[in-house]
Amino acid sequence: MTIFITVEGIDGAGKSTHLEFIAKTFDAKSMPYIMTREPGGTELGEKIRSILLHDDMTVSTETLLMFSARNEHLQKKILPSINQGVSVICDRFTDASYAYQQGGKGIESNFIEVLEKLVHPELQPDLTFIFDIKPSIARSRISHERDLDKFERSSEEFFKAVRNNYLNRAKNNSRYCVIDSSQTIEKIQKEILVKLEEFI
Ligand code: TYD
């Protein structure tokens with residue numbers, strides 16, 4: 001079965017480790033997949049990513065750039081992959097625009113809804129993992145050995161708003177699987193596996 005999985009959570013929620021585990025599960029079942037990320041995923045998308053992560057801009061410009069990168073990503077990579085029967089595991093997608101640009105930065109939801117309808121009117125992920133964690137714990141997990149990007153430098157208040165937006169979107173929608181990311185890695189992996197086995 002071909003599936004489109006997205007992985008979300010505030011910065012420091014442990015997404016990278018869990019993405020690796022999801023990929024290993026696909027490997028173990030010999031299921032073809034690609035692993036990709038947003039913003040980014042294509043040559044142009046990665047250039048847009050570096051602007052997004054480091055340059056100051058208004059929230060509407062930021063949202064438009066997120067969707068420009070996403071449009072390129074969908075047309076050049078995500079849709080061709082799904083059409084060839086290759087599953088897609090994507091580190092963030094449109095839920096991140098709602099969580100960060102709407103929840104965190106206050107752009108009205110309609111601005112994002114319009115772009116979502118234009119850029120991917122038909123497509124939604126089959127499954128979205130949200131790795132949920134308190135911003136105070138997440139902050140202590142973000143590496144202090146490297147320079148933090150624009151988003152990672154945001155306040156705890158900002159991440160609380162981002163987190164609430166994710167959790168509200170997940171309510172009453174079976175596409176989402178919210179996992180408590182403060183649990184032990186074993187427990188988290190068990191929950192991921194139980195969910196994945198419904199699909200693969
Ligand atoms: P992230 O996956 O967290 O990068 P890294 O793995 O290097 O930490 O994504 C980069 C940032 O982009 C993250 O802080 C969230 C932000 N973002 C948005 O604000 N809106 C979006 O639509 C997307 C896809 C990401």
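A: A pocket is an open set of points on a 1 Å grid over the protein atoms alone, where a 1.4 Å probe fits and protein lies on both sides within 12 Å along at least five of seven lines, and its lining residues have an atom within 4 Å of a point. The model is predicted, with local features needing pLDDT of at least 70 and side-chain atom pairs pLDDT 80 or more, while totals for chains, interfaces and linings use all residues. Residues are numbered from 1 along each chain as its sequence is written, and side-chain values use heavy atoms, without hydrogens or water.

Two or more lining residues come from each of α1 (15–28), β2 (33–37), α2 (43–54), α3, α4 and α8 (185–196), where helices (H or I, at least four residues) and strands (E, at least two) are DSSP runs numbered from the N terminus. Among these elements, α1 provides the largest share of the lining, with five residues. Sorted by class, the lining holds 15 nonpolar, 13 polar and 13 charged residues; Asp, Glu, Lys and Arg count as charged, Ala, Val, Leu, Ile, Met, Phe, Trp, Tyr, Cys and Pro as nonpolar, and the others, Gly among them, as polar.

The ligand sits in this largest pocket, in the sense that more than half of its atoms lie within 2 Å of the pocket's grid points. Around the ligand are 15 residues, the closest being Asp11, Lys15, Arg49, Ser97 and Gln101; to be counted, a residue needs a heavy atom within 4 Å. This shell is made up of eight charged, five nonpolar and two polar residues. Both α3 (59–83) and α4 (94–104) supply at least two residues of the shell, and α4 gives the most, with four.

Turning to single contacts (a polar contact is a pair of N or O atoms within 3.5 Å), a polar side-chain atom of Ser97 is 2.6 Å from an oxygen atom of the ligand. For Lys15, an N or O atom of the side chain is 2.9 Å from a ligand oxygen, and for Arg70 a polar side-chain atom and a ligand oxygen are 3.1 Å apart. Of the 550 Å² of accessible area that the ligand has on its own (Shrake-Rupley method, 1.4 Å probe), the protein covers 89%.

Technical notes. A polar contact is a pair of N or O atoms within 3.5 Å; within protein, one must be able to donate a hydrogen and the other to accept it, and residues adjacent in sequence count only if both atoms are side-chain atoms.
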